[in-house]
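This briefing covers pockets and nonpolar cores. The sequence and structure are shown first.

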Amino acid sequence: MDTIIYIVLTLAYLILFLFGIRIAMNHSWLSIGNVVLLVILALAYDNLILALGKFIGEGELLRILNVIRYWLHALITPLLVLTAWDFLLRADVKWAKAKIVSWLVLAITLGLIIIEITTVVWDITLKPTWDYGILSYEKAGNGNPIMIIGVSLSLLITSIIIWWKQKWPWLFVGVLVMSFVPVLHFLHTSTLSNIGELLLMIALLATKNYQNKRDVGSNQ
């Protein structure tokens, strides 16, 4: 069952990516918030490899494909801090426009990438793991949560400000759901975190589309 869910999630991400392309074409390719498209592609890859793991089978190929999953997570997930900052800029949050804030955002993003690389993926050792019929290569022990905490906090704070400034609660709902879904262990599936991530991506693109429409309306 989990294999089917991962396949559905992969297809959902590809559809979401196309929707994101359409949003970018209708507004601006130059928006730094478009980095969310890279995150969506990375998540599509992540779910695809999880779906195909048992068909590829244990071995060096599957191990390398899973190593790439970890590297993509380390290099691309922190870019969501830039997306959060772009939302604040487009919501006309004054302090977000300060030059020192732009440098701080870049420093945080780069810092989170470096932390994840040095504490998680550098010289990473993976072992084959079966979980609810899914074969993957996973890192032994618990990973360092600093990067995820940093990204989640930036999105949470941004979502509250967007709700307050633009009367748009759905980004906050997306962040909340992403945090809540993985604790539903009684559902007996390995896909909970991945489903939560998809719901967050939907909320991010919906927020981006909402802000586009506000911009169009204010210019008419």
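**Briefing: pockets and cores**

Leu 72 is found in helix H3; helices (H or I, at least four residues) and strands (E, at least two) are DSSP runs, numbered from the N terminus. The model is predicted, so that local features need pLDDT of at least 70 and side-chain atom pairs count only at pLDDT 80 or more, while totals for chains, interfaces and linings use all residues. Residues are numbered from 1 along each chain as its sequence is written, and side-chain values use heavy atoms, with hydrogens and water left out.

**Leu 72**

- Leu 72 is partly exposed, with a relative accessible area of 24%; buried means under 20%, exposed over 50% and partly exposed in between (1.4 Å probe, protein chains only).
- Not counting residues up to four places away in sequence, Leu 72 touches Ala 42, Tyr 45 and Thr 77, where contact means heavy atoms within 4.5 Å.
- A C-alpha separation of 9.7 Å is found between Leu 72 and Leu 41, which are 31 residues apart along the chain.

**Pockets**

- A pocket is an open set of points on a 1 Å grid over the protein atoms alone, where a 1.4 Å probe fits, with protein on both sides within 12 Å along at least five of seven lines; lining residues have an atom within 4 Å of a point.
- The largest pocket holds about 1400 Å³ of space, a volume being the space filled by probe spheres set on the points, which are joined across faces, edges and corners.
- Its lining comprises 43 residues, and Arg 69, His 73, Ser 193, Asn 194 and Glu 197 lie nearest the centre.
- H8 gives the largest share of that lining, six residues.
- By class, the lining of the largest pocket has 21 nonpolar, 15 polar and seven charged residues (nonpolar: Ala, Val, Leu, Ile, Met, Phe, Trp, Tyr, Cys and Pro; charged: Asp, Glu, Lys and Arg; polar: the others, Gly among them).
- The second largest pocket has a volume of about 270 Å³, and its lining has ten nonpolar, three polar and no charged residues.

**Nonpolar cores**

- The largest nonpolar core has 46 residues; such a core is a set of buried Ala, Val, Leu, Ile, Met, Phe, Trp, Tyr and Cys residues joined through side-chain atoms within 4.5 Å.
- H2 supplies the largest share of this core, nine residues.
- Met 201, among the residues with the most contacts inside the core, touches residues including Tyr 13, Ile 40 and Leu 80.
- A second, separate core of 15 residues includes Ala 74, Ile 117, Leu 135 and Tyr 137.
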